[in-house]
Amino acid sequence: MEIKYTTQGLLVYMTITAYLLAFVAAVFRRTKAGHILYLSGFAIAVCSFGYRWYHVRHVPLQNLFEVFLCLGMIYPVTLFCRRVLRVGGYGADMLIGAIVLFPAGFVFNAEPQQLPPALQNWLFTPHVAVYMLSYIFMAKAAFQAICQLAGRNSRPGENLLPPEEATYRMIYAGFPLLTLGLILGSYWGKQAWGDYWGWDPKELWSLASWLVFVGYFHYRYMSGNKHPRINSLWAIAGMAAIIITLLWVNLSRIFSGLHSYAT
Amino acid sequence: MQKYRRTIMWVGLVLIIILIVLSIYGAFIGAERAEQFFNHPPLVVYWTALVTLFIIGIAAFRRLVRVPGLLLIHAGCVLILAGGMWGSRVGHNLQKKLFGIDKIRSGRMAIYEGTSDNLVVLDGSREQKELPFSLKLKDFRIEYYKPAYLRIQIRQGGQWKIPVEAGKEFPLGDEAGTIKIVKAYENFKIGMEEGKSIPLDDPSPGSNPALEVQITEPGGQTSTQYVFELFPGHSHGQDKFLLSYRRVISDYISELQIIEDGKVVAEKNVEVNHPLRFGGYHFYQSSYDDKAFQYTVLQVVSDTGLYVVYAGYWMLCIGVIWHLWLRHIFTRIKSKST
């Protein structure tokens, strides 16, 4: 763990602080202040991402530091989910934003790197970007699933969906992105490495994550709302598989493979 | 019928769970062993069962046929699996037995500059097979990001990263002095001239990238050091500076010609992400002669089943996006307009 005494580091720490303050304000029901802080945090996160982009001169989605920087720009998803999909979790999103930026600020190496030949492909940005977006939806789904297991419900008058339905809706929103990420990656693999499926640990974990959500859909189709707890467990298992795909596969030596450069 | 459908759903769910478990297991054993594992006969049975269940499911559930998104998703999965199986090692063996199609599934070929070749060493064996056409390597080269950088560290602490620009002097502070890159060599060699050894850039095949660096101490004394890319961290105990020179590769390029019946029928530069497609095969930049850059190694992959898989990808993507997003968006727009 190290503190980054750079402009980039400062921007990351400012975003974390704004998100945490926004979370505290939300906990104490200071809705307006929370919203302003959250929005400010997002603005700084965008600046941070833009600064990195300018600095490395390619879309900064190459390694875990850059990917987590991207994940920190969670605000538009929160807004979209609340306004359009009627899914809450406003406070949780602030916390998710701070949590994902924490390793970017203190753990991951921020040394700028030039793109290796394999990453110089138009698919690089859409493949990683759709995955990141889907991961945010799935993280929100997992949070709603935890709320369902904990017996928490939305407050009356908020016009939000109950947790079980909210979980379903989040997975509905995120699953096409997850599918697109998997297929774009496979198509890119064919162009770069000669095979659309290389049985690489990262590929297999992403397939496992995708399959868990496929399982969720099938189970929910079969049982509907009869076993909401099992539905929630599927969603949480899916998120666990995503965390392993994103972090463990890249950081652990157990899973060395074609995606090892993404650390 | 209801019970029958329920059974299909349960079997489907069990097969999904089995595949989750197998994928996780495969991730732990590494790509090479995982590929063998997923091609083992019991797994071939599993894949066949999965495809069969998809087809039974489409036949048994009217909803899967009536709802276009669901039909696309499930039929897309069938195509992906069928294409994958048809293009697999087992699939290639089957094609040879049933239809006499003897195609190379995957292998590698090394071609020297200025020569042509059609021999492919098959993956997983020492067996060689001939392609029905030849490939000629006109040139192989590596391109690097510019500028390259020289990293400087001093033992007392402090580090710099300076762009490699011959003739330019960089100040390193009052205590360290200045550093100047005198010359960049592609193939550094020591030659003799009038009985004295001198450094030279050898134009003959070979690669030994190096920098000639002149260090001026705060007192005014100058010394010359050579920094070699191939020997990072090379330094003497008394050296004040630790220097390292590393260029970052931006591309590997093989300029190729395809020769059929003695005529050049196609030309292409094969790069990473830009394979050559010809005669039912794809050729990829795989490796190269890292000593003298005299030959390239290409990966040869058969395209059997590939376009079936791609068709499945399209169907799956369109199906998922239609079923989970667009259908709802259109319904919402429709209900708002009425």
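Leaving out residues up to four places away in sequence, which residues does Ala45(A) touch? I'll take that one in the first point; bear in mind throughout that this is a predicted model.

1. Ala45(A) touches Thr15(A), Tyr19(A), Gly72(A) and Met73(A), once residues up to four places away in sequence are set aside. You'll find Ala45(A) in helix α2 of chain A, which covers residues 31–56. Its relative accessibility is 3%, so Ala45(A) counts as buried, the cut-off being under 20%. Have a look at Cys70(A) too: Ala45(A) and Cys70(A) are 25 residues apart along the chain, and 8.1 Å separates their C-alpha atoms.

2. Staying in chain A, go to Gln144(A), which sits in helix α6 (residues 124–150). Gln144(A) is buried as well, because its relative accessible area is 6% and the limit for that label is under 20%. Beyond its neighbours within four places in sequence, Gln144(A) makes contact with Val87(A), Gly88(A) and Gly89(A), and also with Pro163(A), Ala166(A) and Thr167(A).

3. Now for chain B, where 4 antiparallel strands make an open sheet, ordered β6-β7-β10-β11. At its edges are β6 (169–171) and β11 (222–228), each of which pairs on one side only. On average, neighbouring strands of this sheet are turned by 25° against each other, if direction is ignored. As a reminder, strands of a sheet pair through backbone hydrogen bonds, either parallel or antiparallel.

4. Last, the second largest pocket, with a volume of about 1300 Å³. Its lining has 43 residues, and the closest to the pocket centre are Glu35(B), Ser106(B), Arg108(B), Asp123(B) and Gln299(B). Which elements supply at least two residues each to this lining? From chain A there is α7 (163–193). From chain B there are the helices α2 (31–38) and α6 (89–99), along with the strands β1 (106–112), β16 (281–288) and β17 (295–302). By residue type, the lining of this pocket divides into 16 nonpolar, 12 polar and 15 charged residues.

How values were computed: Residues numbered from 1 in each chain as written. Chains lettered and ligands numbered in written order. Predicted model: local features only at pLDDT ≥ 70, side-chain atom pairs only at ≥ 80, totals over all residues. Heavy atoms only, no water. Buried < 20%, exposed > 50% of the residue type's maximum accessible area, 1.4 Å probe, protein only. Contact = heavy atoms within 4.5 Å. Pairing = 2+ DSSP bridges. Axes fitted to C-alpha atoms, helices over the stretch in contact; angles between N-to-C directions. 1 Å grid on protein atoms, 1.4 Å probe; cavity = no way out; pocket = protein on both sides within 12 Å on 5 of 7 lines; lining within 4 Å. Points joined across faces, edges and corners; volume = space filled by probe spheres on them. Nonpolar A, V, L, I, M, F, W, Y, C, P; charged D, E, K, R; others polar.
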